[in-house]
Amino acid sequence: MNQRLRWSVLLAALVTASSAALTPGVAQADDDPPTSRELLDKCDNGTDVCVFHPDGPPRDSMGEAHQVGDSAYNCTQDTQRSTVGWSDTTGESNSLGVSLSAEYGFSEVFKVSIETNYQHTWESSHTETDQTNVDVRPGEVGWVTREAQLQTVSGKYELHFPDKFHGHYIWYVPFEATGPKPDAPSTKTQHTRAMTEDEKAQHCG
């Protein structure tokens with residue numbers, strides 16, 4: 001065998017070995033790959049192993065400011081203190097568009113992982129009810145906005161199947177969820193501005 005031929009055989013062998021090394025244990029797409037939801041529906045319902053690996057501890061953020069309660073219109077000649085009563089619910093969102101409050105196997109796996117790894121609980125929904133005072137000057141309208149504290153967790157599910165599922169024993173599913181941070185106070189802000197002519201006509205007669 002001449003030198004050029006030996007190098008060709010060696011290169012082919014290296015390429016074959018490298019390709020084989022990348023394949024085991026990695027979820028490769030086939031002609032009809034399952035959706036993320038199809039895979040997670042199998043979590044503890046057809047798998048030998050189903051675990052969630054978070055990328056890190058929950059990340060804190062503030063939700064979007066939005067009005068809570070009714071607006072307070074002052075049609076008098078004096079500054080008025082109005083008490084605005086309100087109730088506001090903060091929900092969750094995630095990359096699958098389903099509620100983690102439902103009794104899905106993967107939702108319980110997610111919650112247990114967060115509690116075990118970071119001593120954090122996961123809430124799918126939180127309702128806060130309160131009253132906020134707003135000082136409204138003559139000819140103005142006042143209102144209250146609220147920003148909820150949120151937590152976001154991202155990571156991936158690892159699923160092991162006893163038999164090949166869509167051609168593989170192991171699948172990984174990326175997942176991210178954002179929900180209300182338990183026992184965290186929200187930010188309430190009072191606002192005022194001058195009433196428009198339409199508002200004066202509607203509320204002040």
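In this predicted model, the side chains of Thr132 and Trp86 are joined by a polar contact of 3.0 Å. Thr132 sits in strand S6, residues 126-136. Its relative accessible area is 8%, so Thr132 counts as buried. Besides Trp86, the residues that Thr132 touches beyond four places in sequence are Ser82, Thr83, Val84, Val144, Lys188 and Gln190. Thr132 and Gln190 are 58 residues apart along the chain, with 8.0 Å between their C-alpha atoms.

Asn74 is placed in the loop between strand S3 (66-73) and strand S4 (80-90). Asn74 is buried because its relative accessibility is 1%, under the 20% cut-off. Leaving out residues up to four places away in sequence, Asn74 touches Thr79, Gln80, Val136, Arg137, Pro138, Gly139, Glu140 and Met195.

| Residue | Location | Relative accessibility |
|---|---|---|
| Thr132 | strand S6 (126-136) | 8% |
| Asn74 | loop between S3 (66-73) and S4 (80-90) | 1% |

The largest nonpolar core has 21 residues, and Phe52, Phe110, Tyr157, Leu159 and Phe175 touch the most other members. Two or more residues each come from helix H2 (36-40), strand S1 (49-54), helix H3 (105-118), strand S8 (149-165) and strand S9 (168-180). S8 contributes the most, 5 residues. Among the residues that Tyr157 touches, not counting those up to four places away in sequence, are Leu40, Phe52, Phe106, Phe110, Trp171 and Phe175. A second, separate core has 7 residues, including Val84, Trp86, Val136 and Val144. Of these, Val84, Trp86 and Val144 are also among the contacts of Thr132, and Val136 is one of those of Asn74.

Technical notes. Residues are numbered from 1 along each chain as its sequence is written. This is a predicted model: local features need pLDDT of at least 70, side-chain atom pairs count only at pLDDT 80 or more; totals for chains, interfaces and linings use all residues. Side-chain values use heavy atoms; hydrogens and water are left out. Helices (H or I, at least four residues) and strands (E, at least two) are DSSP runs, numbered from the N terminus. Buried means under 20% relative accessible area, exposed over 50%, partly exposed in between (1.4 Å probe, protein chains only). Contact means heavy atoms within 4.5 Å. A nonpolar core is a set of buried Ala, Val, Leu, Ile, Met, Phe, Trp, Tyr and Cys residues joined through side-chain atoms within 4.5 Å. A polar contact is a pair of N or O atoms within 3.5 Å; within protein, one must be able to donate a hydrogen and the other to accept it, and residues adjacent in sequence count only if both atoms are side-chain atoms.
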